[in-house]
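Subject: Structure handover

Hello,

Please find the structure below, followed by notes on what was found in it.

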Amino acid sequence: MNVQGQVHTTASGTTEHFDVLIAGAGISGVGAAYHLTTQCPGTSFVALETQKTFGGTWSTHRYPGIRSDSDLHTFGYRFKPWTSAPIASAAEILKYMGEVIEENDLSRHIRYQHTITAAKWSSEQNLWTIEATRGDTGETVRFTTNFFWMCQGYYRHTEGYTPEWKDMARFKGPIVHPQKWPDDLDYNNKRIVVIGSGATAATLIPALAKDCAHVTMLQRSPTYFRTGRNAIEIAEQLRLLQVDEKWIHEITRRKILFDQDAFTRKTFEEPEAAKKDLLSAVEAYLGKDYDIATHFTPKYRPWRQRIAFIPDGDLFQGIKSGKASVVTDEIDRFTEKGILLKSGRELEADIIITATGFNLSANGDIEFAVDGKPLDFADTVTYRGMMFTGVPNLVWVFGYFRASWTLRVDLVADFVCKLLNHMKQTGARKVTPALRPEDHNMPLLPWIDPENFNPGYMMRGMHLLPKRGDKPEWQHNQDYWAEKDEFPAIDMNDHVFVYG
Ligand SMILES: Cc1cc2nc3c(=O)[nH]c(=O)nc-3n(C[C@H](O)[C@H](O)[C@H](O)COP(=O)(O)OP(=O)(O)OC[C@H]3O[C@@H](n4cnc5c(N)ncnc54)[C@H](O)[C@@H]3O)c2cc1C
């Protein structure tokens with residue numbers, strides 16, 4: 001395996017060359033590195049990562065209780081069995097990723113504290129020139145690569161999204177965004193208000209409830225949750241039968257994916273029945289007298305936003321115990337003592353937590369150019385949510401929202417490796433997706449149909465994202481069940497791929 005890039009020294013400095021350069025060492029970047037070593041042996045590659053360690057999301061977020069909201073049989077890679085309870089803490093996920101790195105000798109390919117700042121394609125050389133800033137020395141380092149594999153996720157890691165509310169500065173206590181959790185935040189016996197109702201709020205609240213005086217989830221509108229035991233029955237049964245873990249992983253994944261597909265279809269075909277299923281599970285924890293209509297019944301159809309899984313109903317148990325409560329109202333302004341709501345009620349707090357989401361970052365804040373022209377991804381059309389018209393030798397991993405992100409990491413990796421091997425065999429040095437004659441009158445639509453999926457950070461950042469067409473080739477349809485068959489069948493000689 002060729003690990004070292006070739007080093008070229010010229011008057012303008014030193015440049016290292018790799019066949020493939022990966023941006024990021026989160027679950028996507030580490031997956032990409034694994035698949036390159038196994039499916040494209042002999043390919044030289046490097047992964048550049050801003051942070052001091054691998055893990056991405058799971059090392060950035062350090063708030064109490066941080067855990068997955070989907071199961072690890074499918075959030076884990078298809079090639080490494082997950083052998084513990086399905087909903088896992090960040091620490092468990094990092095341990096699993098660390099094992100993948102160690103077992104496959106991937107650390108020699110990863111360079112930490114390297115932030116990619118610029119990526120410039122030259123058609124003359126058929127190369128990307130990548131510039132990165134080293135976090136330890138501040139030095140700018142330069143690479144060239146034939147193929148750029150963007151695994152930088154979808155949001156800015158340096159800061160979360162906090163809306164501007166009136167008089168925030170008047171509040172006397174700390175205002176904390178979960179993405180920047182201070183290690184020394186003392187919340188013992190404190191009154192806390194968590195603004196938000198998504199997966200982060202639902203994870204934080206039961207964790208905080210253990211030690212604080214009281215925690216209030218303040219939401220403008222409710223969210224759907226799924227709840228149940230933190231276990232997968234079929235995995236437990238197979239384990240009792242002493243079935244090999246590899247088989248358990250595969251069978252459990254198939255069962256989970258089959259059930260998820262059936263549920264997703266139900267949300268489209270029988271939305272009222274799907275809604276009833278979700279709400280009756282909440283009622284089973286909170287009882288008939290709890291105001292589920294106000295606090296847990298969203299106005300939208302299930303699955304228009306991600307549905308977090310609440311293991312063992314811990315959020316609802318916190319509410320039932322009286323240590324946590326939910327207020328559904330709007331913020332008028334902050335006060336010295338807390339938050340004044342539009343209803344006129346004041347919520348007093350010692351600490352306010354803004355679990356209000358992310359800042360979308362479509363391109364890792366990298367300055368892109370193609371042949372000297374600045375590249376705006378919003379001017380491109382996406383090929384299956386991973387390549388872009390007019391942008392050569394580049395793939396972006398954007399996972400699933402309704403299913404685990406990582407399912408798409410594996411699928412995209414199979415595609416990239418097949419494409420790289422095809423180019424090697426045919427001697428092609430460049431591949432650029434292009435609209436075919438039959439695609440030219442196709443309507444160009446936003447990246448995601450808001451009627452289908454519409455979380456806040458996507459809506460706020462949609463104008464930055466590539467366009468989508470109305471044919472399967474030109475969209476990210478968020479449908480693993482379809483893509484698991486469509487991706488392996490992609491014809492590398494399809495006219496969407498223009499080779500050079
Ligand atoms: C708290 C939380 C819980 C979640 N739970 C789930 C879940 O249970 N299931 C699920 O499917 N999804 C979940 N998600 C979504 C989650 O982000 C993805 O599933 C997944 O972790 C994304 O992995 P990634 O490697 O693509 O991106 P990230 O995890 O975002 O990692 C990207 C990496 O790239 C690095 N990077 C970015 N830009 C640059 C640059 N310019 N130069 C160098 N490095 C760069 C970053 O530092 C980071 O380490 C969750 C998200 C959050 C925030």
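In these notes Ala, Val, Leu, Ile, Met, Phe, Trp, Tyr, Cys and Pro count as nonpolar, Asp, Glu, Lys and Arg count as charged, and the others, Gly among them, count as polar. The model is predicted, so to speak of a local feature takes a pLDDT of at least 70 and side-chain atom pairs count only at pLDDT 80 or more, while totals for chains, interfaces and linings use all residues. Residues are numbered from 1 along each chain as its sequence is written, and side-chain values use heavy atoms, with hydrogens and water left out.

The second largest pocket

A pocket is an open set of points on a 1 Å grid over the protein atoms alone, with protein on both sides within 12 Å along at least five of seven lines; a cavity is a set of points where a 1.4 Å probe fits but cannot get out, and lining residues have an atom within 4 Å of a point. Points are joined across faces, edges and corners, and a volume is the space filled by probe spheres set on them.

The second largest pocket holds about 520 Å³ of space. Its lining consists of 20 residues, and those nearest the centre are Arg226, Ile232, Ile256, Asp259 and Phe309. By class, the lining of this pocket has 9 nonpolar, 4 polar and 7 charged residues. Helices (H or I, at least four residues) and strands (E, at least two) are DSSP runs, numbered from the N terminus. Two helices, α6 (233–240) and α7 (245–269), each supply at least two residues of the lining. The most comes from α7, with 6 residues.

The cavity

Searching the whole structure gives 1 cavity of 30 Å³ or more. The largest cavity contains about 50 Å³ of space. Its lining is made up of Asp69, Ser70, Arg226, Gln260, Trp303, Arg306, Ile307, Phe401, Arg402, Ala403 and Ser404. These divide into 4 nonpolar, 3 polar and 4 charged residues.

The ligand

A residue is near a molecule if one of its heavy atoms lies within 4 Å of it. The ligand is surrounded by 33 residues, the closest being Ser28, Glu49, Asp69, Ser70 and His157. Asp69 and Ser70 are also among the residues that line the largest cavity.

A polar contact is a pair of N or O atoms within 3.5 Å; within protein, one must be able to donate a hydrogen and the other to accept it, and residues adjacent in sequence count only if both atoms are side-chain atoms. An N or O atom in the side chain of Ser28 is 2.5 Å from an oxygen atom of the ligand. For the side chain of Thr50, the distance from an N or O atom to a nitrogen atom of the ligand is 3.2 Å. For the side chain of Arg306, the distance to a nitrogen atom of the ligand is 2.9 Å, again from an N or O atom.

Buried means under 20% relative accessible area, exposed over 50%, and partly exposed in between (1.4 Å probe, protein chains only). Contact means heavy atoms within 4.5 Å.

Gln152 sits in the loop between β7 (140–150) and β8 (175–176). With a relative accessible area of 15%, Gln152 is buried. A polar atom of its side chain lies 3.0 Å from the backbone oxygen of Ala362. Leaving out residues up to four places away in sequence, Gln152 touches Ala23, Ser361, Ala362, Asn363, Gly364 and Trp396.

Gly338 belongs to strand β15 (residues 338–341). Its relative accessibility is 0%, so Gly338 counts as buried. Among the residues it touches, not counting those up to four places away in sequence, are Phe171, Glu346 and Ile352.

Helix α5 (residues 199–209) is mostly covered, with 9 of its 11 residues buried. Those buried in α5 include Ala201, Thr203, Leu204 and Leu208.

Two residues other than glycine have a positive phi. Arg384, with phi near 50°, is in the loop between β20 (382–383) and β21 (387–388), and is buried at 10% relative accessibility. Gln478, with phi of about 60°, is in the loop between α12 (456–461) and α13, and is buried with a relative accessible area of 8%.

Ala489 lies in the loop between α13 (480–486) and β24 (497–499). Its relative accessible area is 60%, so Ala489 is exposed. Ala489 and Phe415 are 74 residues apart in sequence, and their C-alpha atoms are 9.6 Å apart in space.

Regards
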